[in-house]
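Q: Hi! I have a protein model open and I'm new to this. Could you walk me through it?

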Amino acid sequence: MTAADADLLAENTRLREERAAQQQRADQAEGLLAEAREQQAATAEVLRIIASTPTDAQPVFEAIVESGARLTDTDRCTIHVPRGELLEPVAWFGTSDWGDAIPPTSRAIPIDRERPPGRAFVEGRTIDIPDAAAADPAEFPGISQRVSEIGNHSTVLVPLLREGVAIGVLSTIRRGPQPYSEAEVALFETFADQAVIAIENARLFSELGTKSRELEDLNQQLAEATQHKSAFVANMSHELRTPLNAIIGYSEMLAEEAEEQGAESFVSDLGKINSSGKHLLGLINNILDLSKIEAGRMELYLEEFSVQDVLAEVEAVVRPLVEQNSNRFVLEAGAGLGAMNADHTKVRQCLLNLLSNAAKFTEAGTIILDVRRTQAADGDWLLFAVSDTGIGMTEEQQAKLFEAFSQAESSTSSRYGGTGLGLALTREFCRLMGGDVTLVSEPGHGST
């Protein structure tokens, strides 16, 4: 063989060795990539389980120990949580029978520094022991006994930390001194974080469920209290009306007698008693109606009646009231109003409430009652519009207008009076009959 041939052979050998090394590096890279993909898929699967079982951490624990054991060829992977003075296993999985050789009595671990899981929990840090037989007994007093029980092994202990405080431990054990790689330790730490998320989710959902039940109980108690209150007010209102009607009746009788005897001074005073009694009776009737609505005892007496007849009744009552403040009353009734099927008394009361309210807040102005029959997608409707040129309302005042016992503001209440019940009852009556009341208003430009 010539020198040239020898050089060529050496060069070919070097090239083959270099290609083999490159192939080996490529295979290693491919293996690492595949391993990373498996780990990513496993952590994604755990996250999916967390999302699908937010109220129960156990399925998450089981997925973590199985994935952790399989991906790292671990003989046994376990999650412990504290129960009193011990760390007790709640999930475990092994890739070989060797992991099952651990004595059952030793699976619950004291919360102290003598054994690695206890130390990881107490100190809140990851502990990695590549070779248990070579571990310092002074650092882990119980390690020698552990080796004598199950043989030499490698182990990694990762605390489950919530805001820096341990709430459990993820422990791994692998036969013989086969150290875990940095990537494997990092994977266990990721799984530990996911276990914490599962525990927190379950805790929060449990607290939420408890609070929800407490809120339901409270709402039930409030509903019952409201019904009792409404029933009491209804009964009391009924009891008050009996003597009040007697007062009104006697005042009318005495007024007639005084007028016959020519005692004019008594007639005037008795008229004031009668007027005040009727006003008080109206207030009691309003409270009674509101209590019946709240207690669900308000009944409708539906009948068919002429709309024009109701308008005539309302006009006769309200025109003198409107004219007291130098206002002008205008009734605009559209053609073909016909009849309506509703509670005659409540329709009349609603219109009187709206018109008296308009008259109260308007001086030297105009109050209009406009009535139209209109067609909508859900049927045939009657639209009653009560408009005034009075003081109007701000948006804040409009927001609470239909609340019971609510006034626009204290200064308005002191000047114009009223209890704030009329409009609240009007809306409730309208809704009971399938309708509603809406409002358009502007300060200084009246309301409709």
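This is a predicted model: local features need pLDDT of at least 70, side-chain atom pairs count only at pLDDT 80 or more; totals for chains, interfaces and linings use all residues.

Q: Great. How many helices and strands are there in the protein?
A: The protein has 11 helices and 11 strands.

Q: And how much of the protein is buried?
A: Of the 448 residues, 37% are buried.

Q: What about contacts between residues that are apart in sequence?
A: Take the contacts between residues at least 6 apart in sequence: 65% of them join residues at least 24 apart.

Q: Switching to cysteines: how many disulfides are there?
A: The count is 0 disulfides. Cys350 is in no disulfide, and its nearest cysteine sulfur belongs to Cys430, 4.0 Å away.

Q: Remind me, what is a disulfide anyway?
A: It is a covalent bond that links the sulfur atoms of two cysteines.

Q: Is Cys350 buried or exposed?
A: Cys350 is buried, because its relative accessibility is 5%. Cys77 is buried too, with a relative accessible area of 1%.

Q: Okay, new topic. Where does Arg119 lie?
A: Arg119 is part of helix 3, which covers residues 116–123. Its relative accessible area is 12%, so Arg119 counts as buried.

Q: What is Arg119 in contact with?
A: Leaving out neighbours within four places in sequence, the contacts of Arg119 are Asp112, Arg113, Gly124, Arg125, Ile127, Glu139 and Phe140. With Arg113 there is a polar contact: a polar atom of the Arg119 side chain lies 3.3 Å from the backbone oxygen of Arg113. Pro159 is 40 residues away from Arg119 along the chain, and their C-alpha atoms are separated by 9.3 Å.

Q: Nice. Now Asn327, where is that one?
A: Asn327 lies in the loop between helix 7 (307–323) and strand 8 (328–333).

Q: A loop residue, then. Buried or exposed?
A: Asn327 is buried, since its relative accessible area is 5%.

Q: What does the side chain of Asn327 reach?
A: The Asn327 side chain reaches the backbone oxygen of Val322 at 3.4 Å. It also reaches the backbone nitrogen of Ala364, at 3.1 Å. Beyond its neighbours within four places in sequence, Asn327 has contacts that include Val322, Ala359, Thr362 and Ile367.

Q: What about Ser326, what is its phi?
A: Phi of Ser326 is near 60°, a positive value in a residue that isn't glycine. Ser326 is in the loop between helix 7 and strand 8, and it is exposed because its relative accessible area is 56%.

Conventions. Residues are numbered from 1 along each chain as its sequence is written. Side-chain values use heavy atoms; hydrogens and water are left out. Helices (H or I, at least four residues) and strands (E, at least two) are DSSP runs, numbered from the N terminus. Buried means under 20% relative accessible area, exposed over 50%, partly exposed in between (1.4 Å probe, protein chains only). Contact means heavy atoms within 4.5 Å. A disulfide is a pair of cysteine sulfur atoms within 2.5 Å. A polar contact is a pair of N or O atoms within 3.5 Å; within protein, one must be able to donate a hydrogen and the other to accept it, and residues adjacent in sequence count only if both atoms are side-chain atoms.
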